Amino acid sequence: QVQLVESGGGLVQPGGSLRLSCAASGISFSIYNMGWYRQAPGKQRELVARISSGGRTNFADSVKGRFTISRDNAKNTVYLQMNSLNSEDTGVYYCLARTEVLGSGPDYWGQGTQVTVSL
């Protein structure tokens, strides 16, 4: 059984930081590309950051310089370090696991964790 479980969300003040974690089980984690997506109320889900099985990273323009994605294959966990948070970062953050070869297997999504940036 495949499970992706996000944690670390919560309420934070503007300018603050949060560290999200996504723990995976049931997959060969080290060969999967991993990503973080978020969805604000009334908006489409959008890519925040991704990290390939080889460690290459990409970030949405809106978070470049503020967010860092990393992975610990020994712990089957991907992280999203979020700094200098602002209200536009508010939303539900989802973890994605995707095979490097598209179509060779299904995508897996976590249940999401809420991030609220507010005074």
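Q: What is the volume of the largest pocket?
A: This is a predicted model: local features need pLDDT of at least 70, side-chain atom pairs count only at pLDDT 80 or more, and totals for chains, interfaces and linings use all residues. Numbering starts from 1 along each chain, and side-chain values use heavy atoms, without hydrogens and water. A pocket is an open set of points on a 1 Å grid where a 1.4 Å probe fits, with protein on both sides within 12 Å along at least five of seven lines. For the largest one, the volume, or space filled by probe spheres on those points, is about 170 Å³.

Q: Which strand gives the most to the lining of the largest pocket?
A: Lining residues have an atom within 4 Å of a point; among them are Asn-33, Met-34, Gly-35, Tyr-37, Arg-50 and Arg-98. Strands (DSSP runs of E, at least two residues) that each supply at least two lining residues are β4 (32–39), β5 (46–51) and β9 (91–99). With 4 residues, the top contributor is β4.

Q: How many charged residues does the lining of the largest pocket have?
A: Arg-50, Arg-56 and Arg-98 are in the lining, and Arg counts as charged. The lining also has 4 nonpolar and 4 polar residues. The charged residues number 3.

Q: How many of the residues of β4 are buried?
A: Buried means under 20% relative accessible area, exposed over 50%, and partly exposed in between. β4 is mostly covered. Of its 8 residues, the buried ones number 7.

Q: Which residue in β9 is the bridge partner of Met-34?
A: Two strands pair if DSSP finds at least two bridges between them. β4 and β9 run antiparallel and pair over 8 bridges. Met-34 is in the pocket lining too. Its bridge partner in β9 is Ala-97.

Q: Which residue in β5 does Gly-35 stand opposite?
A: β4 and β5 form a hairpin with 6 residues between them, and Gly-42 in the turn has a positive phi of about 75°. The two strands run antiparallel, joined by 5 bridges. In β5, the residue opposite Gly-35 is Arg-50.

Q: Which strands are at the edges of the open sheet of 4 strands?
A: The order in this sheet is β1-β3-β8-β7, with antiparallel pairing. Inside it, β3 (18–25) and β8 (77–82) pair over 6 bridges, where Cys-22 partners Val-78. Two strands pair on one side only, and these edge strands are β1 (3–7) and β7 (67–72).

Q: How many residues apart in sequence are the parts tied together by Asp-89 and Arg-38?
A: The side chains of Asp-89 and Arg-38 meet in a salt bridge at 2.8 Å, N to O (a Lys or Arg side-chain nitrogen within 4 Å of an Asp or Glu carboxyl oxygen). Asp-89 is buried at 1% relative accessibility, and Arg-38 is buried at 5%. Asp-89 lies in the loop between β8 and β9, while Arg-38 is in β4, so the parts they tie are apart by 51 residues.

Q: Is Arg-98 buried or exposed, or in between?
A: Its salt-bridge partner Asp-107 has a relative accessible area of 31% and is partly exposed. For Arg-98 the value is 30%. Arg-98 is therefore partly exposed.

Notes: Buried means under 20% relative accessible area, exposed over 50%, partly exposed in between (1.4 Å probe, protein chains only).
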